[in-house]
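Hi,

Here is the structure I promised to pass on.

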Amino acid sequence: MSLISPAQDILFKALADPTRRALFERLCREGEQTVGALTAAAEISQPAVSKHLGVLKAAGLVVYRADGRQAHYRARRGALAPVVDWAARMESFWEARFDGLEDLLNRMDQ
């Protein structure tokens with residue numbers, strides 16, 4: 001049984017790439033940006049930036065807005081909630097394992 005839902009899996013895959021993570025982090029820190037502004041700060045081509053933004057959009061991490069010929073992107077509020085939920089479940093999983101290990105070590109010391 002997997003502890004990761006399909007939606008969480010898509011988010012993890014989207015954020016696994018360091019370039020996508022950097023683009024997402026920039027949008028989180030600096031707010032809405034045009035593709036041109038994001039490309040100027042990245043060390044990759046505009047088509048590559050657009051492709052990465054498409055993956056982030058498909059994962060629900062960013063929102064797209066057209067303004068004439070300009071494409072604007074911003075981080076979607078609450079987009080990381082599924083990742084936070086997964087991390088919380090994993091925290092309780094590991095806490096239970098460490099509690100069991102502590103109990104075992106205490107019994108071995110007796």
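Predicted model: local features only at pLDDT ≥ 70, side-chain atom pairs only at ≥ 80, totals over all residues.

**The core**

The largest nonpolar core has 19 residues. Those with the most contacts inside it are F24, L27, L53, L56, L61 and Y73.

Leaving aside neighbours within four places in sequence, F24 is in contact with L15, L56, L61, V62, A75 and L80.

**How the helices pack**

Two helix pairs are worth a look, and α2 takes part in both.

Take α1 and α2 to begin with. Their axes are 5 Å apart and the packing angle is about 100°. An angle of 65 to 115 degrees counts as roughly perpendicular, so α1 and α2 are roughly perpendicular to each other. On the α1 side the contact is made by K13, A14, L15 and A16, and these meet P18, R20, R21 and F24 in α2. By type, the residues of this contact are five nonpolar and three charged, with no polar ones.

Now α2 and α4. Here the angle is about 75° and the axes lie 10 Å apart, and these two helices are therefore roughly perpendicular as well. From α2 you get T19, R20, L23, F24 and L27, which meet V49, H52, L53, V55 and L56 in α4. This contact divides into seven nonpolar residues, two polar and one charged.

R20 and F24 turn up in the contact of α2 with α1 and again in the contact of α2 with α4.

**Aromatic pairs**

How many aromatic pairs does the structure hold? There are two.

One is F12 with W86, an edge-to-face pair at 5.0 Å centre to centre, with 75° between the planes. It links distant parts of the chain: F12 sits in helix α1 and W86 in helix α5 (residues 81-109), 74 residues apart. F12 is partly exposed, with a relative accessible area of 28%, and W86 is partly exposed too, at 23%.

The other is Y64 with Y73. Their ring centres are 5.3 Å apart and the planes are at 55°, so this pair is tilted. Are its two members buried or exposed? Y64 counts as partly exposed at 38% relative accessibility, whereas Y73 is buried, with a relative accessible area of 9%. Y73 is also one of the residues with the most contacts inside the core.

R26 is found in helix α2. A residue counts as buried under 20% relative accessible area, so R26, at 15%, is buried. Not counting residues up to four places away in sequence, R26 touches G31, Q33, A37, L38 and A41.

Q33 is in strand β1 (residues 33-34) and is buried as well, with a relative accessible area of 12%. Setting aside residues up to four places away in sequence, Q33 touches R26, L27, L38, A71, H72 and Y73.

Cheers

Conventions
Residues numbered from 1 in each chain as written. Heavy atoms only, no water. Core = buried A, V, L, I, M, F, W, Y, C linked by side-chain atoms within 4.5 Å. Buried < 20%, exposed > 50% of the residue type's maximum accessible area, 1.4 Å probe, protein only. Contact = heavy atoms within 4.5 Å. Helix = DSSP H or I, 4+ residues; strand = E, 2+ residues; numbered from the N terminus. Axes fitted to C-alpha atoms, helices over the stretch in contact; angles between N-to-C directions. Parallel < 35°, antiparallel > 145°, perpendicular 65-115°, else oblique. Nonpolar A, V, L, I, M, F, W, Y, C, P; charged D, E, K, R; others polar. Phe/Tyr/Trp six-rings, centres within 6.5 Å; stacked < 30°, edge-to-face > 60°.
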